[in-house]
Amino acid sequence: MARAAIQQHGLTIREACRALGISETCFRYQAKLSTENAEIADWLIRLTHNLKNWGFGLCFLFLRNVKGYGWNHKRVYRIYRELELNLQKRIVREKPEALAVPEAINQCWSMDFMHDQLEDGRTYRLFNVLDDFNREGLTIEVDLSLPAERVTRALDQVIEW
């Protein structure tokens with residue numbers, strides 16, 4: 001607008017800027033396209049393409065500490081945002097495999113440890129073994145402590161049964 005006022009009405013830069021309420025510095029400013037910005041963008045695109053779980057922080061630390069570039073984090077982050085390299089957009093969750101369903105008894109077992117606390121403060125532990133086909137509880141071992149020998153003994157007993 002200031003340039004148009006200068007050309008059409010023959011105003012000076014100072015008069016046009018004062019009339020439009022902008023500073024002369026703002027009028028005279030010309031953005032300098034930096035080749036470094038293109039280099040930063042190229043590095044960020046390569047890093048986020050190859051390492052999909054890296055966000056801005058890891059990319060910046062790699063460029064600063066490993067590659068030795070002295071770029072300001074604000075500048076790198078501005079370019080990172082302009083490229084729209086948000087981590088949520090880059091990570092695409094793969095569809096998980098369907099859970100295997102056992103087709104017969106004793107084909108697959110599940111084991112789990114649980115614990116709770118008595119009123120007097122002592123803790124007790126439970127070792128559970130379940131058959132996944134019919135969800136039957138094969139054994140439950142309960143004690144104040146369950147060492148590995150006791151667990152293996154319980155599994156051996158279930159196998160024998």
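**Stop one: the hairpin loop**

Select Arg135, which sits in the loop between β2 and β3. Before going further, a word on what you're looking at: this is a predicted model, where local features need pLDDT of at least 70, side-chain atom pairs count only at pLDDT 80 or more, and totals for chains, interfaces and linings use all residues. Residues are numbered from 1 along each chain as its sequence is written, and side-chain values use heavy atoms, with hydrogens and water left out.

Back to Arg135: its phi is positive, about 55 degrees, although the residue is not a glycine. The hairpin of β2 and β3 has four residues between the strands. Arg135 counts as exposed, at 74% relative accessibility; here buried means under 20% relative accessible area, exposed over 50%, and partly exposed in between, with a 1.4 Å probe and protein chains only.

**Stop two: the sheet**

Now colour 123-131 and 136-143, which are β2 and β3; they pair in the antiparallel sense over seven bridges. (Strands are DSSP runs of E with at least two residues, helices are runs of H or I with at least four, and both are numbered from the N terminus; two strands pair if DSSP finds at least two bridges between them.) Pick Phe127 and look across to Glu141 in β3, which stands opposite. Then click Asn128, whose bridge partner in β3 is Ile140.

**Stop three: another positive phi**

Which loop holds Glu84? Select Glu84 and you land between α6 (73-82) and α7 (87-90). Glu84 is not a glycine, yet it has a positive phi of about 55 degrees. At 54% relative accessibility, Glu84 counts as exposed.

**Stop four: salt bridges**

How many salt bridges does the structure hold? Eight, taking a salt bridge as a side-chain nitrogen of Lys or Arg within 4 Å of a carboxyl oxygen of Asp or Glu. Show the side chains of Arg14, Glu24 and Arg28, which are linked in a salt-bridge network. Glu24 meets Arg14 at 3.4 Å, N to O. That pair links distant parts of the chain, with Glu24 in helix α3 and Arg14 in helix α2, 10 residues apart. Arg28 meets Glu24 at 3.0 Å, N to O, and both of these lie in helix α3, four residues apart, about one turn of the helix. Arg14 is exposed at 52% relative accessible area, while Glu24 is partly exposed at 27%.

Next, select Arg75 and Glu36, whose side chains form a salt bridge at 3.0 Å, N to O. This pair also links distant parts of the chain: Arg75 is in helix α6 and Glu36 in helix α4 (residues 35-50), 39 residues apart. Arg75 is partly exposed, with a relative accessible area of 22%, and Glu36 is partly exposed at 35%.

**Last stop: the cysteines**

Finish with Cys59 and Cys108. Cys59 is buried, with a relative accessible area of 0%, whereas Cys108 is partly exposed at 33%. A search of the whole structure finds zero disulfides (pairs of cysteine sulfur atoms within 2.5 Å).
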